[in-house]
Amino acid sequence: GNSTEDCDPGKPPCSPTPVSNIVAAREGSQATLECTASQFSGLASPITFDWYKSGVKVVNPSISSSSVGNGTYKGILTFSAVQRADAGSYTCRANGQHGTSSQSSPITLDVTYAPYDVEAKVIFGVSVIGSRLTLECSAKANPSPHQYSWQKNGDSGFTGSKSQYSFSSLDYTDDGTYTCTATNSVGSTKSNNFLIVVDGPPQKCSTPSLSSTV
């Protein structure tokens, strides 16, 4: 029905509405989810709110509600230091004098964080002279890394935005310790050290010829 019918004095509050459908916050910072709901303005009891994550009720001490006038209330769910595990889909319900509303449309909480578990590893080839070898820099991050840089023996001579670094034909001068750094909008993180030792070709076994003397 229309809003006037939904907000009839003898009915639960109108279906709550998210203030914003997507909330983005950096891990460790404060994040706030908000929705509003209305009831007949003549009712004495204020509206309170329950919050749900993927359908499961959220137990959080930082749930509050406040009147914004004319029977409308705002429900607020606050994370004082939001964590990546808090990311997900949230809905709210409004509790009034005459019952509980239906669920709101979802609010997506997107938690961003710097790269972690950054690792340099071989994804193709072997470390034999003349061979092709490809290293890859893998990382977990939100948002995904937009830049990678490579270092050899601590020298930042290898740069670029590629997650892979390839040797078309390995040489003994490619021996060394390689690291990569993954960067996103939150920060940069360096990988483990990855050692490349270039091996030579297999040595052929030869039998020395015996010289005869006359």
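Buried means under 20% relative accessible area, exposed means over 50%, and partly exposed lies in between (1.4 Å probe, protein chains only). Keep that scale in mind for each stop.

This is a predicted model: local features need pLDDT of at least 70, side-chain atom pairs count only at pLDDT 80 or more, and totals for chains, interfaces and linings use all residues. Residues are numbered from 1 along each chain as its sequence is written, and side-chain values use heavy atoms, with hydrogens and water left out.

**Stop 1: the aromatic residues**

Select Trp-150. At 2% relative accessibility, Trp-150 counts as buried. Tyr-165 counts as partly exposed, at 23%.

Rings of Phe, Tyr and Trp (its six-membered ring) pair if their centres lie within 6.5 Å; planes under 30 degrees apart count as stacked, over 60 as edge-to-face and the rest as tilted. The structure holds 5 aromatic pairs. Trp-150 and Tyr-165 form one of them, a tilted pair with 6.1 Å centre to centre and 40° between the planes. Trp-150 lies in strand S12 (residues 147-152) and Tyr-165 in strand S14 (residues 164-167), so the pair ties together parts that are 15 residues apart in sequence. Strands (E, at least two residues) are DSSP runs, numbered from the N terminus.

With Trp-150 and Tyr-165, they form one aromatic cluster.

**Stop 2: charges over rings**

A charge sits over a ring if NZ of Lys or CZ of Arg is within 6 Å of the ring centre and within 35 degrees of the ring normal. Select Arg-84 and Tyr-113. The charged end of Arg-84 sits over the Tyr-113 ring, 4.2 Å from its centre. Then go to Arg-93 and Tyr-52. Here the charged end of Arg-93 sits over the Tyr-52 ring, 5.7 Å from its centre.

**Stop 3: the disulfides**

A disulfide is a pair of cysteine sulfur atoms within 2.5 Å. By this rule the count is 2.

Select Cys-35 and Cys-92. A disulfide joins them, S to S 2.1 Å. The link of Cys-35 and Cys-92 is right-handed, with 130° about the S-S bond. Cys-35 lies in strand S3 (residues 31-38) and Cys-92 in strand S8 (residues 88-96), so the pair ties together parts that are 57 residues apart in sequence. Cys-35 is buried at 0%. Cys-92 is buried at 0%.

Finish at Cys-137 and Cys-180. Their disulfide has S to S 2.1 Å. The torsion about the S-S bond of Cys-137 and Cys-180 is about 75°, so this disulfide is right-handed. Cys-137 is buried, at 2%, and Cys-180 is buried, at 0%.

Terms used:
Helices (H or I, at least four residues) and strands (E, at least two) are DSSP runs, numbered from the N terminus.
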